[in-house]
Amino acid sequence: MLAILKQAVELESPSDNKPAVDRCGQYLAAEFARLGGRVTLHPQTEAGDHLQAEFPGRSGAKPLLLLGHFDTVWPLGTLAGMPFRVDSGNGRVYGPGVLDMKAGIVMMMFALQALRAAHGDSEPHRPVTVLLDTDEEVGSVTGRPLVEAAARQCEAVLVLEPAQGMAGALKTARKGVGDYTVRVRGRAAHAGVDFEKGHSAIVELSRQVLEIAKFTDVSRGITVNPGVIQGGTRTNVVAAEAWVEVDIRIARAADAAGLQQKFAALHPFDPGCRLEVSGGLNRPPMERTEGTVRLFRAAQGLGNKLGMSLNEAATGGGSDGNFTSGLGIPTLDGLGGVGEGAHAVHESILLEELPRRTALLAGLIESL
Ligand SMILES: [Zn+2]
């Protein structure tokens, strides 16, 4: 497992670098083909080619979807300062994308291999579809249609994104994620010569940001974060333009429309300024449905037999599991590596959890 994980991590695959992502995809495709999968690479012009692999199972049964992504947030060359390494002192494996989520992909491979070794060619379990997209870290713009199409064919979805926390909790709920841009167009003027003729986009935007911040309702699981703000040109110019980019998270799908209305209802304080509001929900929330809870209970039961005590958790982060859950397909997330530091320099997994959670995944595929 470590040898393949090393190879997968060292084939760096930042979402925005197609040649690099495709090199990683070619390697993974060959590995899934070696395991007996029927592999399809879905060609893309900008993003890396998405990877799908079909594995046979008992005839007539709806397949299970093993879902993940092989793009990472790490730019090419990150390895130089953050190499793949195993620290035998603390039992961790480090490297860019090792937790999010190349360990999860390696787990898929070894679970499928274990099932094949146990059952030969007469698999009693459901057919398995593996779908790995290449733009998950940037919103799955091109991956989403494939993810949804695959999920519609499937009985349930198992997402191999990282587990929650060092105790390896499974994710049964995720917040929905979206973004808005609010742009103010004011009127420029010389700050000394004719200040009064100006309408400052910066002053207007500052007031709008305070309004937007009020949309947050933590008790309902709604957060609204003005995360990036830009505007103006020079200190001696009344700013003609300024804008803010806002991240929104919602726990309930039903809250999307209300938030949309609030953004649409923003109006300028200064009648000399105009507002342009764009954006919306990108990923619907993954709500804790009955189907998801059933999957969690099955995993928990299997975990007990493997000496693991598995809990469930909700997270504010989104994944492709949001899309499949949004379609009403039972989805269990966080089945991948256990570790910490996703998107951070200390990104790492616990080595000893790798085989155990692979056994859990194999057992889950067998039992569903
Ligand atoms: Zn991820």
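Author: Helix α1 (residues 2–10) and α2 pack at an angle of about 155°, and their axes are 9 Å apart. This is a predicted model, in which local features need pLDDT of at least 70, side-chain atom pairs count only at pLDDT 80 or more, and totals for chains, interfaces and linings use all residues. Residues are numbered from 1 along each chain as its sequence is written, and side-chain values use heavy atoms, with hydrogens and water left out.

Reader: What makes a stretch a helix or a strand, and what is an axis?

Author: Helices (H or I, at least four residues) and strands (E, at least two) are DSSP runs, numbered from the N terminus. Axes are lines fitted to C-alpha atoms, for helices over the stretch in contact, and angles run from 0 to 180 degrees between N-to-C directions.

Reader: Why is α1 called roughly antiparallel to α2?

Author: Angles under 35 degrees count as roughly parallel, over 145 as roughly antiparallel, 65 to 115 as roughly perpendicular and the rest as oblique. The angle here is about 155°, so α1 is roughly antiparallel to α2. The crossing is left-handed, a term used if the near helix is turned anticlockwise from the far one by less than a right angle; clockwise is right-handed.

Reader: Which residues make the contact of α1 with α2?

Author: From α1 come I4, Q7 and A8, and from α2 come C24, Y27, L28, E31 and R34; contact means heavy atoms within 4.5 Å. By class, five are nonpolar, one is polar and two are charged. Ala, Val, Leu, Ile, Met, Phe, Trp, Tyr, Cys and Pro count as nonpolar, Asp, Glu, Lys and Arg as charged, and the others, Gly among them, as polar.

Reader: How are α2 and α3 placed, parallel or antiparallel?

Author: Their axes come within 10 Å and cross at roughly 15°. That angle makes α2 roughly parallel to α3, and the crossing is left-handed. C24, L28, E31, F32 and R34 of α2 meet K102, I105, M108, M109, L112 and R116 of α3. This contact has seven nonpolar, no polar and four charged residues.

Reader: How do you know that the length of α3 agrees with its number of residues?

Author: The expected span is 1.5 Å times one less than the number of residues. For the 22 residues of α3 (residues 98–119) this should be 32 Å, and the end C-alpha atoms are 30 Å apart, which agrees.

Reader: Why is the pair of F32 and F55 called edge-to-face?

Author: Rings of Phe, Tyr and Trp (its six-membered ring) pair if their centres lie within 6.5 Å; planes under 30 degrees apart count as stacked, over 60 as edge-to-face and the rest as tilted. A search of the whole structure finds three aromatic pairs. The ring centres of F32 and F55 are 6.3 Å apart and the planes are at 65°, so this pair is edge-to-face.
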